[in-house]
Amino acid sequence: MAAHDDDNLMEEVDAHSLLETYNQYSIDILPQLVRELYSTITHQDFDLELANGILRLYRFYPTDFDGDSAASILMGALMQLPENDFTLCLCFLHPDNLQHARVKQVIHMHNLLEECKFDKFWSYLREHEDLLMVKLKVPAEYDYETEEDPQLISEEKTLTCRLNEFKDSIIQYICSIISSTYQTINKNAVINMMGGLDEVKFQVLITKQDWTLHDDDTIFIKNQENDIKSQDIVKNVQFESLVDLLAACLK
């Protein structure tokens, strides 16, 4: 089949199917990947396969790298914590691209979360609220089937939207850390970890997490001992295998 026939097929095939073929290394599919990833984000979802497909093309075609798009992808991956989406996306970026200003900012926020410096994370996010605005660049598209010079099909554009669920996703991640770490914790400590919740949101949070607030402002998380299950470990050791060891000890 001719090359231009393959190009026709690319627009007819689902992006995930393209990523299973040699076309995953073709820069021509980048616009389609970006559009489909943007669609998932606007529907409160994040498609790791599409994200990695875009970042892989950025690595293979350095001149097509877009820092704002990469940073937006990392922000989407950050929302998936404690899943390892962020680390997987980061692995596809060229070391030089890690120096892009917005990319560095997102990496810094990830580090703060990994180090459980939640109060510093929220302070940093308040200073960089612009990171919540997704900016995904769709490259210009051309028709290469014409006998003359390629014809422009669509011009370069930037798709934007706001990550409205970002803060809630991070709060859920922090809740998972608290639940796996504490049996009891002070109310004010939780409020600070969550970026300064008001009383109404705080009550909704503890109800959703099934935490209990006592009169002394201590929150009972759960009894960690209930999650610990004893297990008998039985190992069968053949006597013959100990002969050499016993002989060596008696020397």
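## A predicted protein model, part by part

Of the 251 residues of the protein, 39% count as buried. The model is a predicted one. It contains 12 helices and 7 strands. The accessible surface of the protein comes to about 15000 Å². Carbon and sulfur atoms hold 49% of that surface. Contacts across the sequence can also be counted. Take the contacts with a separation of 6 or more: residues 24 or more positions apart account for 60% of them.

**Helix 3 and helix 4**

Start with a pair of helices. Helix 3 covers residues 30-42, and helix 4 covers residues 48-60. Their axes come within 9 Å. They cross at roughly 145°. The crossing of helix 3 and helix 4 is left-handed.

Which residues of helix 3 meet helix 4? They are L30, L33, V34, E36, L37 and T40. On the helix 4 side, the partners are L50, A51, G53, I54, L57 and Y58. By class, this contact has 9 nonpolar, 2 polar and 1 charged residues.

The loop between helix 3 and helix 4 holds Q44. Q44 is not a glycine, yet its phi is positive, at about 60°. Is Q44 buried or exposed? Q44 has a relative accessible area of 52%, so it counts as exposed; the cut-off for exposed is over 50%.

**N52 and its partners**

Helix 4 also contains N52. Leaving out residues up to four places away in sequence, N52 touches L88, C89 and F92. N52 counts as buried because its relative accessibility is 11%, and buried means under 20%.

C89, one of the residues that N52 touches, is a cysteine to look at next. The structure holds 0 disulfides. C89 is therefore in none: the nearest cysteine sulfur, that of C91, is 9.1 Å away, while a disulfide needs sulfur atoms within 2.5 Å. C89 is buried, with a relative accessible area of 0%. Another cysteine, C116, is partly exposed, at 41%.

Next comes a peptide bond. The bond from L81 to P82 is cis, and its omega is near 10°. Where is P82 found? P82 sits in the loop between helix 5 (67-78) and helix 6 (85-92).

**D217 in a loop between strands**

D217 lies in the loop between strand 6 (212-213) and strand 7 (218-220). D217 is not a glycine, but it has a positive phi of about 65°. Its relative accessibility is 33%, so D217 counts as partly exposed.

What does D217 touch, not counting residues up to four places away in sequence? The answer is I185, N186 and K187. D217 and I185 are 32 residues apart in sequence. In space, their C-alpha atoms are 8.7 Å apart.

**Accessibility side by side**

| Residue | Relative accessible area | Class |
|---|---|---|
| Q44 | 52% | exposed |
| N52 | 11% | buried |
| C89 | 0% | buried |
| C116 | 41% | partly exposed |
| D217 | 33% | partly exposed |

Q44 has a positive phi of about 60° and is exposed. D217 has a positive phi of about 65° and is partly exposed. N52 is buried, and C89 is buried.

Notes. Residues numbered from 1 in each chain as written. Predicted model: local features only at pLDDT ≥ 70, side-chain atom pairs only at ≥ 80, totals over all residues. Heavy atoms only, no water. Axes fitted to C-alpha atoms, helices over the stretch in contact; angles between N-to-C directions. Helix = DSSP H or I, 4+ residues; strand = E, 2+ residues; numbered from the N terminus. Left-handed = near helix turned anticlockwise from the far one by under 90°. Contact = heavy atoms within 4.5 Å. Nonpolar A, V, L, I, M, F, W, Y, C, P; charged D, E, K, R; others polar. Buried < 20%, exposed > 50% of the residue type's maximum accessible area, 1.4 Å probe, protein only. Areas by Shrake-Rupley, 256 points an atom, 1.4 Å probe, with all protein chains shown as cover.
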